[in-house]
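Take a moment with the chain before reading on.

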Amino acid sequence: RVVKDNIHLPKGDVMYKVYRSQMRLKALEKMAQDEVPHYSFSVVFSSGPRVRDQIQENFMDFLKETQKLVQRGTESEVYQMNFDLLGWSEEI
(Lines give C-alpha, C1' and ligand atoms only; values in the text may rest on other atoms or scores of the structure.)
Protein backbone atom coordinates (compact mmCIF):
# COMPACT_ATOMS: atom_id res chain seq x y z
CA ARG A 1 0.00 0.00 0.00
CA VAL A 2 1.38 3.38 -0.98
CA VAL A 3 1.43 5.59 2.11
CA LYS A 4 2.97 8.72 0.59
CA ASP A 5 3.82 9.57 -3.02
CA ASN A 6 6.96 11.18 -4.35
CA ILE A 7 9.32 10.69 -1.40
CA HIS A 8 12.96 11.48 -2.15
CA LEU A 9 16.01 11.37 0.08
CA PRO A 10 17.80 14.70 -0.46
CA LYS A 11 21.24 14.37 -2.03
CA GLY A 12 22.78 16.27 0.89
CA ASP A 13 21.32 13.91 3.50
CA VAL A 14 23.91 12.09 5.60
CA MET A 15 22.31 8.75 4.62
CA TYR A 16 22.21 9.43 0.87
CA LYS A 17 25.51 7.77 -0.11
CA VAL A 18 24.89 4.75 2.10
CA TYR A 19 21.33 4.35 0.79
CA ARG A 20 22.45 4.66 -2.84
CA SER A 21 25.26 2.12 -2.52
CA GLN A 22 23.13 -0.38 -0.61
CA MET A 23 20.29 -0.15 -3.13
CA ARG A 24 22.77 -0.75 -5.98
CA LEU A 25 24.21 -3.77 -4.19
CA LYS A 26 20.73 -5.21 -3.63
CA ALA A 27 19.90 -4.66 -7.31
CA LEU A 28 23.07 -6.48 -8.42
CA GLU A 29 22.30 -9.30 -6.02
CA LYS A 30 18.75 -9.61 -7.35
CA MET A 31 19.91 -9.54 -10.99
CA ALA A 32 22.36 -12.35 -10.22
CA GLN A 33 19.37 -14.63 -9.60
CA ASP A 34 18.65 -16.42 -12.87
CA GLU A 35 14.88 -16.49 -12.36
CA VAL A 36 14.48 -12.73 -11.93
CA PRO A 37 13.61 -10.95 -15.21
CA HIS A 38 15.50 -7.71 -15.66
CA TYR A 39 17.14 -5.43 -18.16
CA SER A 40 20.67 -4.27 -17.55
CA PHE A 41 22.96 -2.19 -19.75
CA SER A 42 26.46 -0.89 -19.23
CA VAL A 43 28.77 1.02 -21.54
CA VAL A 44 32.08 2.85 -21.30
CA PHE A 45 32.67 5.52 -23.95
CA SER A 46 34.92 8.45 -24.69
CA SER A 47 33.60 11.88 -25.53
CA GLY A 48 33.75 15.42 -24.22
CA PRO A 49 32.02 17.55 -21.59
CA ARG A 50 29.39 18.89 -24.03
CA VAL A 51 28.22 15.40 -24.96
CA ARG A 52 28.23 14.36 -21.31
CA ASP A 53 26.06 17.37 -20.44
CA GLN A 54 23.66 16.56 -23.31
CA ILE A 55 23.38 12.94 -22.17
CA GLN A 56 22.51 14.11 -18.65
CA GLU A 57 19.96 16.58 -20.02
CA ASN A 58 18.38 13.84 -22.14
CA PHE A 59 18.20 11.57 -19.12
CA MET A 60 16.52 14.28 -17.05
CA ASP A 61 13.91 14.66 -19.82
CA PHE A 62 13.44 10.87 -19.76
CA LEU A 63 12.92 10.99 -15.99
CA LYS A 64 10.25 13.68 -16.32
CA GLU A 65 8.34 11.54 -18.82
CA THR A 66 8.84 8.44 -16.69
CA GLN A 67 7.48 10.24 -13.65
CA LYS A 68 4.31 11.11 -15.58
CA LEU A 69 3.86 7.46 -16.59
CA VAL A 70 4.35 6.26 -13.03
CA GLN A 71 1.96 8.83 -11.59
CA ARG A 72 -0.76 7.86 -14.09
CA GLY A 73 -0.23 4.12 -13.57
CA THR A 74 -1.52 1.85 -10.86
CA GLU A 75 0.76 0.39 -8.22
CA SER A 76 1.03 -3.38 -8.47
CA GLU A 77 4.81 -3.96 -8.47
CA VAL A 78 7.96 -2.26 -7.18
CA TYR A 79 10.82 -1.52 -9.58
CA GLN A 80 14.29 -0.07 -9.27
CA MET A 81 16.04 1.93 -11.98
CA ASN A 82 19.62 3.21 -11.82
CA PHE A 83 21.56 5.55 -14.06
CA ASP A 84 25.23 6.41 -13.62
CA LEU A 85 27.09 8.97 -15.67
CA LEU A 86 30.51 8.63 -14.13
CA GLY A 87 33.71 10.27 -15.33
CA TRP A 88 36.73 7.97 -15.22
CA SER A 89 39.42 10.40 -16.38
CA GLU A 90 41.03 12.83 -13.96
CA GLU A 91 39.88 15.88 -15.92
CA ILE A 92 36.20 15.29 -15.21
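By about how many helical turns are Lys-26 and Glu-29 separated in helix H1? About one, because the two residues sit three apart in that helix. Keep in mind that this is a predicted model.

Now look at the side chains themselves. Those of Lys-26 and Glu-29 meet in a salt bridge, with N and O 3.0 Å apart. Side chains of opposite charge can pair when their charged atoms come close. For a salt bridge, the cut-off used here is within 4 Å. How open are the two partners? Lys-26 is partly exposed, at 47% relative accessible area. Glu-29 is partly exposed too, at 46%.

Stay in helix H1, which covers residues 16-31, and find Arg-24. This residue forms a salt bridge with Asp-84. The closest N and O atoms of the pair are 2.6 Å apart. Where does Asp-84 sit? It lies in the segment after helix H2, and helix H2 spans 49-72. Arg-24 and Asp-84 are 60 residues apart, so the pair links distant parts of the chain. Is Asp-84 buried or exposed? Its relative accessibility is 52%, so Asp-84 counts as exposed. The cut-off for that class is over 50%. Arg-24 has 23% and therefore counts as partly exposed.

Next, turn to Arg-52 and Asp-53. Their side chains also meet in a salt bridge, at 3.5 Å from N to O. Arg-52 counts as partly exposed, with 27% relative accessibility. Asp-53 is partly exposed as well, with 44%. How many salt bridges does the model hold in total? The count comes to four. Among them are the pairs we have visited: Lys-26 with Glu-29, Arg-24 with Asp-84, and Arg-52 with Asp-53.

Is Thr-66 buried or exposed? Thr-66 is buried, because its relative accessible area is 17% and buried means under 20%. What does its side chain reach? The side chain of Thr-66 reaches the backbone oxygen of Phe-62, at 2.8 Å.

Finish back in helix H1, at Lys-17. Lys-17 is exposed, with a relative accessible area of 61%. Trace the chain from there to Arg-50, 33 residues apart from Lys-17. The C-alpha atoms of Lys-17 and Arg-50 are separated by 27 Å.

Key: Residues numbered from 1 in each chain as written. Predicted model: local features only at pLDDT ≥ 70, side-chain atom pairs only at ≥ 80, totals over all residues. Heavy atoms only, no water. Helix = DSSP H or I, 4+ residues; strand = E, 2+ residues; numbered from the N terminus. Buried < 20%, exposed > 50% of the residue type's maximum accessible area, 1.4 Å probe, protein only. Polar contact = N/O pair within 3.5 Å; in protein donor to acceptor, adjacent residues only side chain to side chain.
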